[in-house]
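Work through the exercises below with the model open. Try each task before reading its solution.

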Amino acid sequence: MIEELLVAVAGAAAAAAVYAGAAARVVKQYERGVVFRFGRLRDDVRSPGFTMIVPLVDRLHKVNMQIVTMPVPAQEGITRDNVTVRVDAVVYFKVVDAADALIRVEDYKFAVSQMAQTSLRSIIGKSDLDDLLSNREKLNQGLELMLDSPAMGWGVAIDRVEIKDVSLPETMKRSMARQAEADRERRARVINADAELQASKKLAEAAEVMSDQPAALQLRLLQTVVAVAAEKNSTLVLPFPVELLRFLERSTAGPVGAAATGTGTASGTAAGASEAAAVTRPFSEAYLRGAADAAARVEPVGDLTGASVEPVPTEDGA
């Protein structure tokens, strides 16, 4: 009798152990358990930790509640300004309602992936190329709104959407490179022109100051000579300003006029020639005094017109 009782207790304990092993479940911290009893959804969603179900009656489905990172395959499309591009993106989403994620959609990951691809194609067709390249934040927000509206009915929340890369044709890349180069060239020319304008204004002010003080021009010339000589050159090219030549011309014009007036009318031609030569070339005072004395000693020539001279007859009467 005792042996039969012990056998019965051992059998019951074994059955209880088998039942506990079949009914025991562990739900991890990042998961939620959804229980179906005879195919019907139980209202209570099992929280993380140890839980029990009825074997052969209940089915426990674990749903991952972590944020899922899903790459969107590259989609090729034509932008609003008729440019063919290939755009790929990445979607970050998570399940917020485990029951809806299992009941309302067959495979919520596949559904989100397909919806992201179609939304990305729609965004490409509605946007310009400049928006795809420089205004991605606005496009990301538009994609997130397009995905979040239907996903909320599936128990899925879109965390964020990011456009990763925009691939352009080689011809478009070359055209954009030429455009950028032309724009930089235009800006460089504008900057150079502005610099020339400012420099011209400063040079005009400097020229006005130098015109009031002629010695400033000579000092500037000496500064130029010092700057050139500092390079230890064997040949020095020294420019003479036009104002200096005009000053020499005015200084030599006075003595020439006085010498030409003192010669009188008898030496008009020679004096006029010497005066013209003196005006055009800056001769020394000694040379000018000698030229005036020589012109004064020239005697006037009388009338060279007269009777013609008869030819002398030859011996043979010819």
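This is a predicted model: local features need pLDDT of at least 70, side-chain atom pairs count only at pLDDT 80 or more; totals for chains, interfaces and linings use all residues.

Residues are numbered from 1 along each chain as its sequence is written, and side-chain values use heavy atoms, with hydrogens and water left out.

**Exercise 1. Describe the second largest pocket and its lining.**

Step 1. On a 1 Å grid over the protein atoms alone, a pocket is an open set of points where a 1.4 Å probe fits, with protein on both sides within 12 Å along at least five of seven lines; lining residues have an atom within 4 Å of a point.
Step 2. Take the volume, the space filled by probe spheres set on the points. It is about 160 Å³.
Step 3. List the lining: A22, R25, F38, I53, P55, L56, V57, D58, R59 and L60.
Step 4. Sort the lining residues: seven are nonpolar, none polar and three charged.
Step 5. Find the main contributor. Strand β5 (residues 58-64) gives the most, three residues. Strands here are DSSP E runs of at least two residues, and helices are H or I runs of at least four.

**Exercise 2. Is V54 buried or partly exposed?**

Step 1. Locate V54: the loop between β4 (49-52) and β5.
Step 2. Apply the classes: buried is under 20% relative accessible area, exposed over 50%, partly exposed in between (1.4 Å probe, protein chains only). V54 has 29% relative accessibility, so V54 counts as partly exposed.
Step 3. Check contacts (heavy atoms within 4.5 Å). Beyond four places in sequence, V54 touches Y19 and R37.
Step 4. V54 and R37 lie 17 residues apart in sequence and 8.5 Å apart in space, C-alpha to C-alpha.

**Exercise 3. Which residues have the most contacts inside the largest nonpolar core?**

Step 1. Define the core: buried Ala, Val, Leu, Ile, Met, Phe, Trp, Tyr and Cys residues joined through side-chain atoms within 4.5 Å.
Step 2. The core has 36 residues, and V85, V87, V91, F93, Y108, V156 and I158 have the most contacts inside it.
Step 3. Find the largest share: α3 supplies eight residues.
Step 4. Inspect V156. Its contacts beyond four places in sequence include F93, Y108 and V112.

**Exercise 4. Which side chain makes a polar contact with the side chain of Q117?**

Step 1. Classify Q117. Its relative accessibility is 17%, so Q117 counts as buried.
Step 2. Define a polar contact: N or O atoms within 3.5 Å; within protein, one must be able to donate a hydrogen and the other to accept it, and residues adjacent in sequence count only if both atoms are side-chain atoms.
Step 3. Name the partner: the side chain of Q75, at 3.5 Å.

Notes:
Ala, Val, Leu, Ile, Met, Phe, Trp, Tyr, Cys and Pro count as nonpolar, Asp, Glu, Lys and Arg as charged, and the others, Gly among them, as polar.
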